[in-house]
Every structure is written in structure tokens, then in C-alpha cells.
Amino acid sequence: MAPAVCGTLLGLAMYASGLCAVSGAAFLYRDYCVIGAGPAGLQAAYFLQRAGRDYVVFERSHAPGSFFALYPRHRKLISINKHYTGKSNSEFNLRHDWNSLLSHDRRLLFRRYSRDFFPNADTMVRYLEDFASLLKLRVQYNTAIIHVTLEKNEQAWNGHYFLLTDQDKKNYKCSSLLVAAGTWVPNVVNFPGSEYVEGYETVSINPEDFTGQTVLILGRGNSAFETAENILGVTNFIHMVSRSRVRLSWATHYVGDLRAINNGLLDTYQLKSLDGLLEGDLEDLAIVKDKKGKLHITLRFYLENRNISAGIDSITLPQDELDNFATRAPYDRVIRCLGWKFDFSIYNRSLRMMPGKGNIKKYPQIKPSYESRGTRGLFVLGTASHSVDFRKSAGGFIHGFRYTTRAVHRLLENRHHGVPWPSTVYPITQLTNSIIKRVNEASGLYQMFSVLADIILLRENATAFEYLEEYPVGVLAELEMQTGRKAHNGLFVIIMEYGRNFSGADKDVFYYNRAVGEAQHAWQSNFLHPVIYYYKHLPTEREMRLRPPDWPLPRPNAIHHIVEDFLTDWTAPNAHILPLRRFLENCLGTDLRNFFAESCFLFAFTHQKLPPSCQQGYIRMQGLLGSQELRQHAVQAGLLQDYTPTDLSGDRPPDSHHGSQEHLTRDHGIPLRPLQHLVNAKDEL
């Protein structure tokens, strides 16, 4: 859509080349502007380019992935790069490849770049450079967007255009803005003496610089423990202080919490080798420097009405009143490792880009659709979109946001270009197989558990269904509007979940009998497992708002848990498939089994309604062509009785019409007998 200011012939000519003029200033117009050429920005560019859309990516550095060129400081990523899974299925293997972006090019799998289980960050930089160049993505480098504002226009897609200005005062205009700039502004806590604190982003990474020193680290995330791990063997001791207790990723099941690769200090703390962890509000602290350059920790209230410049001797320290105060020993260095936050400074107030509240205040406020709560048409992608699933799922990391970015692209395709959400229609007899296939292979469901879900839309009379993959469950009530698909006849929602009370910093996730193995106790499963929700009608906005705490969805008409599996392989006939099929049959009031013609023939005489497989196959004369080999196989399997046809034609001419009909009946007829082969559970599958 051309901007309204390009209404003149000259304007149209300039627009054809991507340029236009407003108030005497030239600007570049694109339908989509993407800020940031990190993993999320490149992933968005890939989908836009494949769809043939008009877009540009702005990157402040000379190459993509500028954040990874600097961080992590000690260069080891904590994202898994698993080469071998025992499977050849590429979708399944992405479950254990946390670094690759989605593309059609098999050369751009991260395992081709590194064999390390935890790769070096420099490899990620090289990978992103190749991703941008090999796919010929339209990235404009050395372009730092320093200001973004709105221009109201009723002809624009969203009722306004986004106006962007770079460091050289060049202007750009777009109809939709995708912010993929990440979180890169250091979190800083100001307190008396904070000027003596070194930042994670600038502190030395040479362990020899810390030899024989005593170090205090502010923070308790992976950057803090990564820093401690680097100097653990050369320091006198390391203390670490933070507001909250340490959160271990294997207890919380959140990949952003402390990973085992960095937790060496926990050993030295618990085994009493001088190092230690403390809890305290950093804003209550104060640091005082003595004449020898040593740093002393005190509390802010001790400094009230005191003159710090008068010297440390005039300042009360906690150990003056409590002689066993934990941090009474002076420190040589204090290092801040408090993570990052989103840069709100470049956005004009007209965009209403507001920070979140509480523990998500470092992220902008967005809807579950990843669209800004303040401005239509502004979407936040990548790490900065993590407020949707912070400390719950993987939306702040490559292996999560590569799928949420694709979901946003599909929402935009439907909204602006009339392209419905991709779907596939199957006969209802394929319902069980379709679900089993997805829960055993799909990486998006697996990584973005409780956030992305597969949606099955039932057709009239439940004779067929439409399958939509990886839709954001937070906007389930808006499904028809967001996807262009109709949900008039009920739906199933397939999602992956952990047990309700299994994850948490204070949980014992190694307790005896922690796993469930019996199908009848599947609802008590603790580890990640598939859950199927059935709704007779699409949930409303009100029902979504009033859903139970910690539930991703409102209460359904029926719910089914597929029991957790040690191998995450949900293909066991009795434990996984049979209970699922019976649940689906109960919801639909039909029989989803596939039957031989013999059984369909009997059903036609004994049932008012035939099973779908008989309706779609036997009655329509579809299915396998009968042959002697198939009949012998059925006899051996006990599915047909053995019989020997006799020649009753006598001297009837071979071309006789009557004889032909009798011969056809004799050769292809199926003897009637009770359906004893369907009695036990195993034969029901």
C-alpha cells in the first residue's frame, strides 16, 4: 500500500523506487520495517522474504548478531547443540537444536557450524552472518534507529504510519513495525558507593587479574555464575548477593534460570570452601572505600545523616554492632551482573511503549499475540517479547522465539494480505494419527509448551477436521479473526505441559516415584507431556480472562492427558494411543477405528450409524482391492475364516452375464461371523 503522501505522479514515481517526500524531507517507505538483525530480526526477514513482502531490516552494527559479538563475555553459550538423537526426522531433531533458525536451506543448521554441545558465541556470529548472506536478506547495516514516532493516516493499514529516524537524520516510513532489538541495556542499581562497582559488560575476563583477590558479585543469574566460574580457582573467595534465592533450571524447568554448566560456586558454597551466597535487597546496600582501596559493605540506613567524605572511620559498619556480620570482610572488587533490559528511549510517547510490571518490567508491555498493548501494528519479537512467557517457557531464546516469530508472521499474513493461517484438512479417521504424529515430532509445541498449541477445527457432523499448527493460545478467543478459519463445530487444542506442582525454585524434582507410568493416572504426570482440551464452542474473551490460575486455557468440556513418557515417545499402543482414541471417540460420539469390509458389512445391518471409516471407505467402494494374498494374510491373522470356493458354474458359458455375477460374488464375498477379533484392547487399535 503506497503512503497517502505519495498521491502525485511524482510521488508515485518516487514510491516505485521506495522513496517519497514529506515536508521537504526524503524518506524510504517499506510495508514492514524490522529493527535489529539479531536472530529474531533475521528470522522475521526470512518469512517476509519467502512471502514476497516489501521489507527492510535496520541493524546498528556492520554485521548481524552484534549482541553475540560481545556476549556472553566468556564466550560459551548455554544453548544446546545436540548432534545425535537416534532420529532422522528433521522436525524432531530441532527439539534438541537450540541455535538454528528456521529455513528451507539445510546448510543453515547450526550443527554444521560447531560440534560443541555448548558452542562458542563467535560461532553464532558466523552462523548469523551466513544466514543473512546465503538467504540474501535485505539488511541495512550501520543504521541505528534513534527515534520512532507515529503519523496518523486513515489510509494506512493500522490507521497510522511509523516514522523512523537514524543516526544520520535519514527518515524511513513503514506500515508495520517489528521490533527485534532484544534487551541490551545493562540493569543498574544505584546505591551509595555504586560508583565503585564494575559492570559485567566491561570487567576483565582474564582470570589472572583476580589472583588472590576477594570478590563480591551482585546478581544470581547465568551471567553472575558465568563470571564466578571463570575466576573460581584464583580468588581468595567469592560472595554473591541478590534479592531472591538461586533458581536452578532443572528445578524450575525454565532454561533462563541457572544452568548446571555454570554452577560450580554452588559446590564450593555447600561444601564450605569459603565461597558463599547471600540474599538481600541491593537497594539497601552501600559500599564504602577505605584508604587502602578495600571495599566495605554496609547498609544504606547507616549512612543517613553521615558525611561519607569524612572517611570510613566516621561511618558505622554492621560489624560494629554485630561482630559476626556475614560480609564483614573487605572486598577487592565488586562486580554487577544483573542482566539486561529493553531500550525504551527511542520510542516517542505517541507509541505508548510502556514497561511491564513486577518481574517483567524490563520488557515492553505486549499482548499474547506479541502486538504492543499501546499501538496497533507494532509487534515485539525475540528476547524482548519474553514477557508473554517469562520464567515459564522458551520465548526469550532462539529455540522458542523462532516459532513465535513464525506465528506473528502468519497473523500478519492474514491481517494485511488475506492469507489464512496454513491448515490441512483430513478425514476424521485420521484424527488420532494426526495428533500422535505431532506430539511425537513437533518442535514448536515441545519448546513453547503452554504457549503455542495445535488447533483442530471440526467440520460439520465431525466427518473431517482442519489442522492448524502452533497457534498462540493466549489469543484463542480471537482465533477466527486472527487466522481466517471458522470454528463453528467445536475444536480440540493440543498443548504440552509440565505437572501443575512440579516446577519451582523450592521443588524437589528428584523425589522417589516422581514419574507416572499408568494411563489411568496420566492427569498426575509431572514431566512434559501432551494435553488435549476439547471445546464444543470457541472460548470467549471473558472465559480466557477468568481461567483458573496457572492454566493456559479455560476449563474445557473435556480434557485428556497423555501419560508422560521417559523417552518422550508417545507411541505405546495401550498406554498412549488407545486412551487417546477413546477420549476422542467419547467427545465426538463416533468410532474412529478403521474396519475391514466384513465388519462394515455387519455394521450396516446392526447399527443405525456406520463408523466414519465405513462411511468414507466401504460404502463408497473405496479401499484395498481384494487379492488372494490379502485373503491369506487375513486368514492367518484370524480376521477371516478359511474357505475354499467351489465351482458351481457347470457348463455355463464363461461369457454368461449371470455366471459373471455369481463368480464375482463367490470370489469377493466375505463370510459372516461374530466380530470376536475386536474384543480385547489390543485389537481395538
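What share of the contacts in the protein with a separation of 6 or more comes from residues 24 or more positions apart? The figure is 65%, where contact means heavy atoms within 4.5 Å.

## Ground rules

This is a predicted model, so to speak of local features we need pLDDT of at least 70, and side-chain atom pairs count only at pLDDT 80 or more, while totals for chains, interfaces and linings use all residues. Residues are numbered from 1 along each chain as its sequence is written, and side-chain values use heavy atoms, with hydrogens and water left out.

## The whole protein

The protein has 20 helices and 23 strands. Both are DSSP runs numbered from the N terminus: helices are H or I with at least four residues, strands are E with at least two. Of the 685 residues, 52% are buried. Buried here means under 20% relative accessible area, exposed means over 50%, and partly exposed is in between, using a 1.4 Å probe and protein chains only.

As for the surface, the protein exposes about 33,400 Å², and carbon and sulfur atoms supply 51% of that. The areas come from the Shrake-Rupley method with a 1.4 Å probe; for residues, only the protein chains shown count as cover.

Two strands pair if DSSP finds at least two bridges between them.

His 560 sits in strand β23. At 12% relative accessibility, His 560 counts as buried. Leaving out residues up to four places away in sequence, His 560 touches Pro 530, Val 531, Ile 532, Pro 579, Leu 580 and Phe 583. Pro 530 is 30 residues away along the chain, yet the two C-alpha atoms are separated by 8.5 Å.

## Nonpolar cores

A nonpolar core is a set of buried Ala, Val, Leu, Ile, Met, Phe, Trp, Tyr and Cys residues joined through side-chain atoms within 4.5 Å. The largest one has 68 residues, and Leu 42, Tyr 127, Phe 131, Val 148, Leu 164, Leu 177 and Tyr 347 touch the most other members. Take Leu 164: beyond its neighbours within four places in sequence, its contacts include Cys 33, Ile 35, Phe 58, Ile 145, Val 148, Tyr 172 and Leu 177. Another core lies apart from the largest one; it has 31 residues, among them Ala 442, Ala 462, Phe 492 and Phe 583.

## A hairpin and a helix residue

Strands β13 (residues 285–289) and β14 run antiparallel and are joined by five bridges. Ile 287 has Ile 297 as its bridge partner in β14. Five residues lie between the strands of this hairpin, and Gly 293 takes a positive phi near 85° there. Strand β14 (residues 295–299) is mostly covered, with four of its five residues buried.

Over in helix α5 (residues 121–134) we find Thr 123. It counts as buried at 13% relative accessibility.

## Cysteines

There is one disulfide by the rule used here, namely a pair of cysteine sulfur atoms within 2.5 Å. Cys 600 and Cys 614 form it, with their sulfur atoms 2.0 Å apart. The link is left-handed, at -85° about the S-S bond. Cys 600 lies in helix α16 (residues 597–606) and Cys 614 in helix α17 (residues 612–618), so the pair ties together parts that are 14 residues apart in sequence. Both Cys 600 and Cys 614 are buried.

Two other cysteines are also worth a look. Cys 337 counts as buried at 2% relative accessibility, and Cys 587 counts as buried at 16%.
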